[in-house]
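Here are a few notes to read alongside the model. Keep the viewer open and find each residue as you go.

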Amino acid sequence: MAENHPKLPYTAAFLLTLFSLISSFAAVEPNTFSRHLSPSSLGLKKKEKLSHLHFYFHDIVTGENATAVRVAKAKTTTETSPFGAVVVIDDPLTVTPYIGSKMVGKAQGIYALTSKTEASLLMAYNFAFMEGKYNGSCLSVMGRNPVFSAVREMPVIGGSGAFRFARGYAEVRTHAFDLKTGNAVVEYNVYVFHY
């Protein structure tokens, strides 16, 4: 005859609970690539701000101090049909249209000539700021730029530093364009929400 063990039901219940917890933890991978976070854990409890930045972009494609360099082209790319050309930029951003004025940052990235029928660029670049409260921060822009339109808009798709979680747009106007050299000075008004 079997003996009664008064502690057995408690031990069995404890072991069952323990086994249940272990199996439920085993179902969740410890090295998962995603998880939910509280926005406040990233400092997002502050109220979002809307900032306006105004500066000039200098795209210098000729001369010893070129800041825009063609790095690739299609077999069909010519001077009269630049479709397929890819350019890397490290263009200065200044407070006035004059290259000698105070530099607030650089536009660094690429643009490609993406239209067979018009001068239209796909631009993907960062505004890397090096002045004032935005020193060390970046805004990322990616969009279509039909360069001979009077006003163009390109989306701001993100940022870093003071511009983490940024969103907005850049309003672009050509201030000066030299048909002989291809050099351009472009006015930027950037409207961006950030924390």
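Where is the place of Ile110? It sits in strand E4, where a strand is a DSSP run (E) of at least two residues, numbered from the N terminus.

1. Before you go further: this is a predicted model, so local features need pLDDT of at least 70, side-chain atom pairs count only at pLDDT 80 or more, and totals for chains, interfaces and linings use all residues. Residues are numbered from 1 along each chain as its sequence is written, and side-chain values use heavy atoms, with hydrogens and water left out.

2. Back to Ile110, which is partly exposed at 41% relative accessible area (buried means under 20%, exposed over 50%, partly exposed in between, with a 1.4 Å probe and protein chains only). Together with Val69, Val71 and Val88, Ile110 makes a nonpolar surface patch of about 310 Å².

3. Now for the inside. The largest nonpolar core has 31 residues, and Phe57, Tyr125, Phe127, Tyr188 and Val190 have the most contacts inside it. A core here is a set of buried Ala, Val, Leu, Ile, Met, Phe, Trp, Tyr and Cys residues joined through side-chain atoms within 4.5 Å. Strands that each supply at least two of its residues include E1 (49-59), E5 (120-129) and E9 (184-194).

4. Take a look at Tyr188, which counts as buried at 1% relative accessibility. Leaving aside neighbours within four places in sequence, its contacts (heavy atoms within 4.5 Å) include Leu53, Phe57, Met123, Met154 and Val172.

5. How many aromatic pairs does a search of the whole structure find? There are 13, counting rings of Phe, Tyr and Trp (its six-membered ring) whose centres lie within 6.5 Å; planes under 30 degrees apart count as stacked, over 60 as edge-to-face and the rest as tilted. Phe55 and Tyr188 are stacked, because their ring centres are 5.8 Å apart and their planes are at 10°. This pair links strand E1 to strand E9, 133 residues apart.

6. Compare Phe129 and Phe163: with centres 5.9 Å apart and planes at 55°, this pair is tilted. Phe129 is in strand E5 and Phe163 in the loop between E7 and E8, 34 residues apart. Phe129 is buried at 6%, and Phe163 is buried at 0%. Both belong to one aromatic cluster, whose members also include Phe55, Tyr134 and Tyr188.

Notes:
Helices (H or I, at least four residues) and strands (E, at least two) are DSSP runs, numbered from the N terminus. Patches are made of residues with over 30% relative accessible area and no salt bridge: like charges are joined within 9 Å, nonpolar side chains (Val, Leu, Ile, Met, Phe, Trp, Tyr) within 5 Å. Accessible areas come from the Shrake-Rupley method with a 1.4 Å probe; for residues, only the protein chains shown count as cover. A salt bridge is a side-chain nitrogen of Lys or Arg within 4 Å of a carboxyl oxygen of Asp or Glu.
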